[in-house]
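Work through the exercises below with the model open beside you. Try each task before reading its solution.

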Amino acid sequence: MAYDNNNVFARILRDELPSIRVYEDEYTVAFMDIMPQAPGHVLVIPKEAAETLLDLSDDGARAVISTTRHLAIAAKQAFAPQGILVAQMNGAAAGQTVPHIHFHVIPRNAGQEVLAHAAEKGDMAELVANAEKLRKVLAEMAKDEA
Ligand code: 5GP
């Protein structure tokens, strides 16, 4: 199916819709999921226009998994969860609701409920505070890499 240029993440990439961004490079962007399934839930997307992982170029796939790994490391430091769930759906039948490929990075703790997928808007102040925690860790990571 042809890529829908007006899907919500394409519009976020063009800054036509707001997002709480925590990371951006030449090929990828990461921002807070507006309906988090657990505190610190972040989405990583390639800038390349691709609906699913199957449509993405090899270079795009390398870039997005590298950024996803980077964000998972940052989330581990920022929120100290016991685990990190990384999830990615391809096609509505697989649970994909936004037709621009993305990876979910979700901090997890045993016994802590995972909220329903794309169901309820998170508290904006909490989303902003969690984004700030991630940005701080990412800034430290960038310093260490320099
Ligand atoms: P999918 O169901 O396609 O795997 O995941 C789409 C994700 O995008 C869901 O977790 C949903 O909460 C999130 N989402 C949907 N619309 C928006 C939006 O406008 N802004 C942000 N930041 N996240 C969104």
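**Exercise 1. Which residues does Thr67 touch, not counting residues up to four places away in sequence?**

Solution. Thr67 touches Tyr23, Asp25, Thr28 and Val44. Keep in mind that this is a predicted model. Val29 is 38 residues away from Thr67 along the chain, yet the two C-alpha atoms are 8.2 Å apart in space.

**Exercise 2. Decide whether Thr67 is buried or exposed.**

Solution. Start with the cut-off: buried means under 20% relative accessible area. Thr67 has a relative accessible area of 3%. Therefore Thr67 is buried.

**Exercise 3. Find the order of the strands in the open sheet.**

Solution. Count the strands: there are 5. Their order is β1-β2-β3-β5-β4, and the pairing is antiparallel. Now find the edges. β1 and β4 (83-87) stand there, each with a single partner strand, so one side of each has no neighbour in the sheet. Neighbouring strands are turned by 20° against each other on average, direction ignored.

**Exercise 4. Walk across the sheet and name how each pair of strands is joined.**

Solution. Step one is β1 with β2.
- Strand β1 covers residues 21-24 and pairs with β2 in the antiparallel sense over 3 bridges.
- The bridge partner of Arg21 in β2 is Phe31.

Step two is β2 with β3.
- These strands pair in the antiparallel sense over 5 bridges.
- Met32 has Val42 as its bridge partner in β3.

Step three is β3 with β5.
- This antiparallel pair has 3 bridges.
- Val44 stands opposite Phe103 in β5.

Step four is β4 with β5.
- Here 5 bridges join the strands, which run antiparallel.
- Val86 stands opposite Val105 in β5.

**Exercise 5. Explain why β5 counts as largely enclosed by the rest of the structure.**

Solution. Look at the residues of β5 one by one. Of its 6 residues, 5 are buried. So β5 is largely enclosed by the rest of the structure.

**Exercise 6. Which strands of the sheet does α2 touch, and what angle does its direction make with that of β5?**

Solution. α2 packs on the sheet and touches β1, β2, β3, β4 and β5. Its direction makes about 20° with that of β5. Now turn to α3. This helix also packs on the sheet, touching β1, β2 and β3. The direction of α3 makes about 30° with that of β1.

**Exercise 7. Describe how α2 and α3 meet.**

Solution. Two numbers come first, because packed helices are described by the angle between their axes and the distance between the axes. The axes of α2 and α3 come within 9 Å and cross at roughly 115°. Handedness comes next: α2 passes α3 in a right-handed crossing. Then list residues. On the α2 side they include His70, Leu71, Ala74 and Phe79. On the α3 side they include Asn130, Leu134, Val137 and Met141. Finally, sort the contact residues by type: 10 are nonpolar, 3 polar and 2 charged.

**Exercise 8. Which members of the largest nonpolar core touch the most other members?**

Solution. The core has 23 residues. Val22, Met32, Val42, Val44, Leu71 and Leu134 touch the most other members. Next, trace where the core residues come from. β2 (28-32), β3 (42-46), α2 (58-79), β5 (103-108) and α3 (124-145) each supply at least two. Apart from this core lies another, of 7 residues, among them Phe9, Phe31, Leu43 and Ile45. Now take Val22 as an example. Leaving aside neighbours within four places in sequence, its contacts include Met32, Val42, Leu71 and Leu134.

Note on methods:
Residues numbered from 1 in each chain as written. Predicted model: local features only at pLDDT ≥ 70, side-chain atom pairs only at ≥ 80, totals over all residues. Heavy atoms only, no water. Core = buried A, V, L, I, M, F, W, Y, C linked by side-chain atoms within 4.5 Å. Buried < 20%, exposed > 50% of the residue type's maximum accessible area, 1.4 Å probe, protein only. Helix = DSSP H or I, 4+ residues; strand = E, 2+ residues; numbered from the N terminus. Contact = heavy atoms within 4.5 Å. Pairing = 2+ DSSP bridges. Axes fitted to C-alpha atoms, helices over the stretch in contact; angles between N-to-C directions. Left-handed = near helix turned anticlockwise from the far one by under 90°. Nonpolar A, V, L, I, M, F, W, Y, C, P; charged D, E, K, R; others polar.
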